[in-house]
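Subject: Structure for you to look at

Hello,

Here is the structure I said I would pass on. Please open it beside this email and follow along.

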Amino acid sequence: MSKTNMPEGFLWGGATAANQVEGAWNEDGKGPSYVDGLIASRDIKKRYAKNAPEDSYFPSHQAIDFYHRYKEDIALFAEAGFKTYRMSIAWTRIFPNGDETQPNEKGLAFYDNVIDELIKHQIEPILTISHFEMPQYLIDEYGGWANRKLIDFYANYAKVLFERYKGKVKYWLTFNEINMAMFLPQMALGIRIDATDEEKYQAIHHQFIASALAVKHGHEVDPDNQIGAMLGYAPIYPLTAKPADVFVAKQKELQKLFFADVQLKGYYPERMLAYFASQAIDVHFAEGDLELLADYPCDYLGFSYYTSTTMSNNKEKDLSEGNGILGERNPYLEESEWGWQIDALGLRFGLNVLYDRYEKPLIIVENGLGAVDEIEDSGEIIDDYRISYLGAHIKAMQDAITIDGVNCFGYTAWGCIDLVSAGTGQMSKRYGLIHVDRDNEGKGTLNRTKKKSFYWYKDLIEQNGLN
Ligand code: BG6
């Protein structure tokens, strides 16, 4: 029985991505993904170093070994009372190179087991089809998403998943943080880090079409399927009330929303076409593309929220680090140890912006605080800072739902179990409610320990939110 005024059936849970938890990077027929070649470093450019020494430590190779420990981990999620678990499928477990026509049965069987285990514990799976897990082969042989052929490879991959997990999985997300491809072209698109905007927008156009085809196939296989878009969202505030600052911030915000505009409204906004024309960006649309976008928009919008950002018209900018979205430092906000500014009210703000704009159901599929945790002599981890971050954000979400009337149907805490950071490859940047004994060099027992936040979140779910 709900002890709050949150809607019954609200999907509380946690979220992870395959390459950040599974490990077993070359087991049971899995092919290499782009991330499998990344080393840990806070400097993103160093991570991409192709000629890293042979004995370098590659964090994704073992990650937190979810591949062999999923039963134990899912039991912990169930103990916390999770109603949902957002996870991703590693494309290279299903299609080791990415362009095969027949899937790797062992890869499919692994996810059968994980999904069945979730269902056994009444945990609703939410599957991300592609979460920064590009098959390396598609990059080497085809040039990544620059190549239109990837649309068919992805559509076939998605179809295989819809057919295999039919009746078990209802919620899907086509591409993780599709807008982040502008900042992470290698990881998200498999193209050069210094690709031009034209190259990036063309590759993203291919992803839009692939996403529309996934919606088509997903609905054909099972009309109950709900196929979502996924945006990395950080509202952009003007640094001051100067009209020039307000205008720049608005322009940047609209450029970010463009991704969800295409996927949810089903068309390129005039504004974006005008922007392409003004910048001499020529994105090629093949025959039938615009019809596909119009006919198969996504059913809902999932988004991540960690921080807000700020923009001004100034030439000299005081930049903050937040989530790769290089915005300016907001003087009114505190920041995490990794320089991500903390703004709980921005989540309520964002929920209002997104619901007002799309009028489709929303779900927060990532939110959390990356922080260094200390283990007490007693073995406990007293992560009050995480509880305070999550609590403030959940309060903001609840206000958006119960006061502002936003339709948001779930909240999944990012990295509910400690995992490898996507941005840095570090383990020390911990988001978890559950601690994993592993360090930045890959040392540790991999034992799981419940943090104070685990018990706090369990109580919160039991009451259906903050009281
Ligand atoms: C999101 C990604 O951008 O941010 C996740 O979808 C990622 O994969 C999360 O882990 C947090 O970023 P980081 O760099 O702290 O791992």
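Below is what was found in it, part by part.

Confidence. The model is predicted. The average pLDDT of the protein is 95, and 98% of the residues score at least 70. For the complex, the predictor gives an ipTM of 0.99 and a pTM of 0.97.

The ligand. There are 15 residues around the ligand, and those that come nearest are Ala-17, Gly-370, Ser-421, Ala-422 and Gly-423. Sorted by class, this shell holds nine polar, three charged and three nonpolar residues.

In soluble globular proteins, nonpolar side chains tend to be buried together. The largest nonpolar core here has 132 residues, and Leu-301 and Met-397 touch the most other members. Helix H9 (residues 197-221) gives this core its largest share, 10 residues. Another core, of five residues, lies apart from it; Tyr-237, Leu-239, Ala-249 and Met-311 are among them. If residues up to four places away in sequence are left out, Met-397 touches Leu-347, Arg-348, Leu-351, Ile-364, Cys-408 and Tyr-411.

Strand S2. Is strand S2 (residues 84-88) enclosed or open? Five of its five residues are buried, so S2 is largely enclosed by the rest of the structure. In a regular strand the side chains alternate between the two faces of the sheet. In S2, Thr-84, Arg-86 and Ser-88 point one way, while Tyr-85 and Met-87 point the other way, and all are buried. S2 pairs in the parallel sense with strand S1 (residues 11-15) over three bridges, and Tyr-85 is the bridge partner of Gly-14. S2 also pairs with strand S3 (residues 124-130), in the parallel sense and over five bridges. There, the bridge partner of Ser-88 is Thr-128.

Strand S7. Strand S7 (residues 300-304) is mostly covered, with five of its five residues buried. Leu-301, already named for its contacts in the largest core, points one way from S7 together with Phe-303, while Tyr-300, Gly-302 and Ser-304 point the other way. Which strands run parallel to S7? One is strand S5 (residues 226-232), joined to S7 by five bridges, with Gly-232 opposite Ser-304. Another is strand S11 (residues 362-366), joined to S7 by four bridges. In S11, Ile-363 is the bridge partner of Gly-302.

Gly-288 is in the loop between helix H11 (270-278) and helix H12 (289-295). Is Gly-288 buried or exposed? Gly-288 has 10 other C-beta atoms within 10 Å, and a residue with 12 or fewer counts as exposed, so Gly-288 is exposed. From C-alpha to C-alpha, Gly-288 and Phe-259 are 19 Å apart in space, and they are 29 residues apart in sequence.

Asp-65 is found in the loop between helix H2 (44-47) and helix H3 (66-79). Its phi is near 60°, a positive value in a residue other than glycine. Asp-65 counts as partly exposed because it has 17 C-beta neighbours inside 10 Å.

Asn-464 is in the segment after helix H15 (452-462). The phi of Asn-464 is near 60° too, a positive value in a residue other than glycine. With 20 C-beta neighbours inside 10 Å, Asn-464 counts as buried, since the cut-off for buried is 20 or more.

Regards

Notes
Residues numbered from 1 in each chain as written. Predicted model: local features only at pLDDT ≥ 70, side-chain atom pairs only at ≥ 80, totals over all residues. pLDDT = per-residue confidence, 0-100. Near = placed C-beta within 6 Å. Nonpolar A, V, L, I, M, F, W, Y, C, P; charged D, E, K, R; others polar. Core = buried A, V, L, I, M, F, W, Y, C linked by C-beta atoms within 7 Å. Helix = DSSP H or I, 4+ residues; strand = E, 2+ residues; numbered from the N terminus. Contact = placed C-beta atoms within 7 Å. Pairing = 2+ DSSP bridges.
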